[in-house]
Amino acid sequence: MSASAPVRPGGRVTAGERPPRGRGLGRAVAGGVLLVVGALLLPLGLAATRARAELTETDSYVAAVAPLAGNDAVQKAVVDDVTDGVMAHVRLDGLLRAVAPAERPAVRTRFTRGIRDFVAKQVRQVVTGRGFPALWNGVHRTAHRTLDGTLAASGRSPVTLDLTPVLERVRHQLSQGGTGLDLVRRVPRSGVEIVLLRAPDVPRIRAAYDAVRDGALLLPPAATLSLCGGLLLARRRRRALIWAGAGCAAAAALLAAALALARGRALDALPPMVSRPAADAYADALTGPLRTGVWLVFAAGTLTAALAAAGPPALRAWRAWRTGTAGSHP
């Protein structure tokens, strides 16, 4: 140290040795920018990581939708779809030839309702049976592999949920009973499908798929480095920690609101033939872990900001309480 640099007792350097004001201001601004960027990227990285797992990992997707096998709304939707598929192959013209032409519409309606009720009962027994969860998981595993292959390729093929295994179980169910043997021949072996992704939507979803896949790899480390760099550059670390925690909580709350808005718009855009209760159940199953993670980030950020704000006063109060408690015992 030069002779012209006065030193205070205790080794502290006087104001003459402090860095220029401009350099300190630039460091504070850089730290603040990094904290803001980190606070924004943290919940986005969480969302991208979760979305990537469901889009690219079949086991993760199947685990998310597996509980839906026991959901009443989903079961009803499957029963309706499979029953519609069977009824599309039922023809009553031969039975109605012996009926007077004037009575045929009423008889057709009555016969159709009775056959539909019978078929729906058989399908419901399959859907609510003990073996349906394994059947359900297998159908979704096949659908997800198709989805992953479609998004990874360059084609525009639609992605569907093929309910053929359910139809095969219904055929077996009908063949086991004493009635409906003729109806077994009318049950299609395939052709009952639920469209998950239409062909015109494939390019748009593929772009989102690529963005999510890359974002899940880049956003979490970028958020961590930004937050750590901002805290290291900050001149007042406790204040920086308060703002970092509050920023993460605010970004998580905004992301939760955006997810709720996107969920509502996506459900409103579904065609009328899609069961809204079943779609709600699907949306909850696929976004539930993400929403839980977002609110955990909100809680962690709020707690961090609160603890940093309490800081030394809270620590001194705790030490005083500990000292008083210890002194009260002989």
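This is a short chat about a predicted model of one protein chain.

Colleague: How are residues numbered, and what goes into the values?

Modeller: Residues count from 1 along each chain as its sequence is written, and side-chain values use heavy atoms, without hydrogens and water. As the model is predicted, local features need pLDDT of at least 70 and side-chain atom pairs pLDDT 80 or more, while totals for chains, interfaces and linings use all residues.

Colleague: How many helices and strands are there?

Modeller: The chain has 11 helices and two strands. Both are DSSP runs, numbered from the N terminus: helices are H or I with at least four residues, strands E with at least two.

Colleague: In what order do the elements run?

Modeller: From the N terminus, α-α-α-α-α-α-β-α-α-β-α-α-α.

Colleague: Where is valine 33?

Modeller: Valine 33 is in helix α1, residues 21-56.

Colleague: Why call valine 33 partly exposed?

Modeller: Because its relative accessible area is 47%. Buried means under 20%, exposed over 50%, and partly exposed lies in between (1.4 Å probe, protein chains only).

Colleague: What share of the chain is buried?

Modeller: Buried residues are 32% of the 330.

Colleague: New topic. How do α6 and α9 pack?

Modeller: Helix α6 (residues 132-152) and helix α9 (residues 202-233) pack at about 90°, with axes 9 Å apart. So α6 is roughly perpendicular to α9, a label for angles of 65 to 115 degrees. Axes are lines fitted to C-alpha atoms, for helices over the stretch in contact; angles run from 0 to 180 degrees between N-to-C directions.

Colleague: Which residues meet there?

Modeller: Asp148, Thr150, Leu151 and Ala152 in α6 meet Val202, Ile205, Arg206 and Tyr209 in α9. Contact means heavy atoms within 4.5 Å.

Methods. Parallel < 35°, antiparallel > 145°, perpendicular 65-115°, else oblique.
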